[in-house]
Amino acid sequence: FPTAKLFKLERNYRSTRCIVEAANSVISHNKRRIPKDVYSLAGQGESISVKAAYSDLEEADIVTKQINSVHRHKGVKYSDIAILYRTNAQSRVIEESLRKNGIPYKIIGGLSFYERKEVKDVIAYFRLAVNPDDEEAFRRIINYPTRGIGNTTLTRIISAATSRGISLWQAACNLTAEELGVTKATAQKINSFVEMMKGFISLLDETDAYSLGLKIIEDSGIKRDINSDNSIENLSKRENIQELLAAINTFVENTIESEGHTKNATLDRYLSEVALLTDADTKQDDSEQVTLMTIHSAKGLEFDAVIMWDASEGVYHGDDERQLVYTIASRAMHQLTVLAVTSLTPLLAEVDERLYEKG
């Protein structure tokens, strides 16, 4: 098309000059791009706030303090604040910190961490080990991963338990194949599940929550199930379960630090903490909420204040990743905060020092 013309849409109507210039400085390093000079006629605006932390917990603490600062002292509504991250699995630490500090939030394009299926599946194993009469947990995991105990068999277990006034666990443990109304082969599958759970139960008082959690994920077949292929869905499940294990490990480490031993770093105590965190899910209202979402979900949106979660070295690299950083920066209208657990040097090397302030 020899008469075709190229029109560059270079004016940014959203962000301050500081934010636009910083975004430009990152994307300008891309090798495959049509050169253009994006500009803004808005004021220079605030410098970008760059904060480094020693751990993800400290990073989450910085986030909540930053939100409180812009909300209380600068009058920015919760709904005008967004936290953007690379993958959904990264939301766990942020969510826990926001809940503990009473900051309302919503997740766009995904579920709250403890509402994700794979997380609920693992938690259900924990719950059944701690309380074998937990019928909701029993129903959820008796055939996950698939072990040949289908809905028909579950219905018969429920019927047998109901008619005798006992729990599903008691029925599975004590009733014969004939009493359950199943074949001997199916009864053997039920018995295998029961024996596996009894093994977990026997370790409750002598094994810390993290070690037992690892064993449950391994021995139950969950690890094998989510490693069955490298689909995007299974990759996401693996990331979420790894994040759950990280949370349990933190719980154990904190218990050791405060009490000097692992005696109380048990699975039942961990579940008590999770119960407090997930209780907020039933208390949602229509008040203003901070928005949490992945970078990809944020395209086309804008917020007064944007917090870029975990810009640590190695998380963002290469041309495609610079594009993601550009997307994050250009979502912010007036305030942009960049956080990292370790070094921010690679990212900052591409940004003019005049545009940011280290905290």
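The model is predicted, with local features needing pLDDT of at least 70, side-chain atom pairs counting only at pLDDT 80 or more, and totals for chains, interfaces and linings using all residues. Residues are numbered from 1 along each chain as its sequence is written, and side-chain values use heavy atoms, without hydrogens and water.

Helix α6 spans residues 151–164 and reaches 20 Å from its first C-alpha to its last, close to the 20 Å expected at 1.5 Å a residue. Its buried residues are Thr153, Leu154, Ile157, Ala160 and Ala161. They fall within an arc of 125° seen down the axis of α6, so they line one face of the helix. The face turned away from them carries Asn151, Thr152, Thr155, Thr162 and Ser163, which are exposed (over 50%). Gly165, with a positive phi near 70°, follows α6.

The whole structure holds two cavities of 30 Å³ or more. A cavity is a set of points on a 1 Å grid over the protein atoms alone where a 1.4 Å probe fits but cannot get out; lining residues have an atom within 4 Å of a point.

| Cavity | Volume | Lining by class |
|---|---|---|
| Largest | about 140 Å³ | 15 nonpolar, no polar, no charged |

Ile48, Leu336, Val338, Leu347 and Val351 lie nearest the centre of the largest cavity. In the second largest cavity, α2 (56–73), β5 (303–308) and β6 each supply at least two lining residues.

Technical notes:
Helices (H or I, at least four residues) and strands (E, at least two) are DSSP runs, numbered from the N terminus. The expected span of a helix is 1.5 Å times one less than its number of residues. Buried means under 20% relative accessible area, exposed over 50%, partly exposed in between (1.4 Å probe, protein chains only). The arc is that of the directions from the helix axis to the C-beta atoms. On a 1 Å grid over the protein atoms alone, a cavity is a set of points where a 1.4 Å probe fits but cannot get out, and a pocket is an open set with protein on both sides within 12 Å along at least five of seven lines; lining residues have an atom within 4 Å of a point. Grid points are joined across faces, edges and corners, and a volume is the space filled by probe spheres set on the points. Ala, Val, Leu, Ile, Met, Phe, Trp, Tyr, Cys and Pro count as nonpolar, Asp, Glu, Lys and Arg as charged, and the others, Gly among them, as polar.
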